[in-house]
Amino acid sequence: RRAIWLDHGRLAADGPAGEVVARYRERVATEEGQRRTAGAGSGGRIGSGVAAIEVVRLLDREGRPTARLRSGEAASVEMVVRATEALSDFVFGVQIATVSGTIVFGSNTALEGLRPERLAGDARVTLEIPALDLAPGVYALDAAVHARDGAPFDYRRDVLRFEVTAERAGTGVWSPARRWSFSGGVRWRA
């Protein structure tokens, strides 16, 4: 019921276990987000560069950039893309994975049935997710713009990391809305 968090031998938090763990995870996600931002573009990027992903942001339900979301909340992934020449063959994609590499979600505009016509100059691309039902943990996001045959213009692996928190613990990577019901000879304490 109670947890104590020590940071380099010093007391960082003392209180209800859920609150202390949430504060610890928030610190880890913030530090990891700062590390990823500092290292952005230093690796994990392939492509011809004909179109380049200049910026990738995770936005909360209010449209503010964030590195921490609550499970089930609305979120958006925003990309700012610059094409150095006009393209008629392009696909935008996003993938979310655990930090250990297990893919938990991925989609792109071709899979969604969108047919490209023209990409030129600067563009803002946003994938809206009405309910990000991931279990608590830290996740990595990949972003891509490529040709329909998969040839990458710009593929940014692990371009940002974010943390998902939840009021209830769970295992796995999915945290759907849920409710238990009982009948017969079972009782629970209040």
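## The β6 and β9 pairing

Strand β6 is joined to β9 by 10 bridges, and the two run antiparallel; two strands are taken to pair if DSSP finds at least two bridges between them. Within this pairing, Val81 stands opposite Ala123 in β9. The model is a predicted one, in which local features need pLDDT of at least 70 and side-chain atom pairs count only at pLDDT 80 or more, while totals for chains, interfaces and linings use all residues. Residues are numbered from 1 along each chain as its sequence is written, and side-chain values use heavy atoms, with hydrogens and water left out.

## The three-stranded sheet

The β6 and β9 strands belong to an open sheet of 3 strands in the order β4-β6-β9, with antiparallel pairing. Because β4 (51-59) and β9 (119-129) stand at the edges with a single partner strand each, one side of each is left without a neighbour in the sheet. From one strand to the next the twist averages 15°, where axes are lines fitted to C-alpha atoms (for helices over the stretch in contact) and angles run from 0 to 180 degrees between N-to-C directions.

On the β4 side, 8 bridges join β4 to strand β6 (residues 75-87), again in an antiparallel arrangement, and Leu59 has Ser76 in β6 as its bridge partner.

## Chain layout

The secondary structure of the chain comes to 1 helix and 11 strands, these being DSSP runs numbered from the N terminus (H or I with at least four residues for helices, E with at least two for strands). Read from the N terminus on, the elements follow the order β-β-α-β-β-β-β-β-β-β-β-β. The C-alpha trace spans about 65 × 50 × 30 Å along its principal axes.

## Two hairpins

Strand β1 (residues 2-7) and strand β2 (residues 10-16) run antiparallel and are joined by 6 bridges, with Asp7 standing opposite Arg10 in β2. These strands form a hairpin with 2 residues between them, and His8 in the turn has a positive phi of about 55°.

Strand β7 (residues 91-98) is joined to strand β8 (residues 103-108) by 5 bridges, also antiparallel. In this hairpin 4 residues lie between the strands, and Gly101 in the turn has a positive phi of about 105°.

## Asn108 in β8

Asn108 is found in strand β8, where it is the bridge partner of Gly93. Its side chain reaches the backbone nitrogen of Ala110 at 2.9 Å, and a polar atom of the Asn108 side chain lies 2.7 Å from the backbone nitrogen of Leu111. Leaving aside residues up to four places away in sequence, Asn108 touches Val91, Phe92, Gly93 and His146, contact meaning heavy atoms within 4.5 Å.

## The largest pocket

About 350 Å³ of space lies in the largest pocket, a volume being the space filled by probe spheres set on grid points that are joined across faces, edges and corners. On a 1 Å grid over the protein atoms alone, a pocket is an open set of points, where a 1.4 Å probe fits, with protein on both sides within 12 Å along at least five of seven lines, and lining residues have an atom within 4 Å of a point.

The lining is made up of 15 residues, of which Gly18, Ala22, Arg25, Thr165 and Ala166 lie nearest the centre of the pocket. Both α1 (17-39) and β5 (68-70) supply at least two residues of this lining, and α1 gives the most, with 4 residues. By class, the lining divides into 6 nonpolar, 3 polar and 6 charged residues, where Ala, Val, Leu, Ile, Met, Phe, Trp, Tyr, Cys and Pro count as nonpolar, Asp, Glu, Lys and Arg as charged, and the others, Gly among them, as polar.

Key: A polar contact is a pair of N or O atoms within 3.5 Å; within protein, one must be able to donate a hydrogen and the other to accept it, and residues adjacent in sequence count only if both atoms are side-chain atoms.
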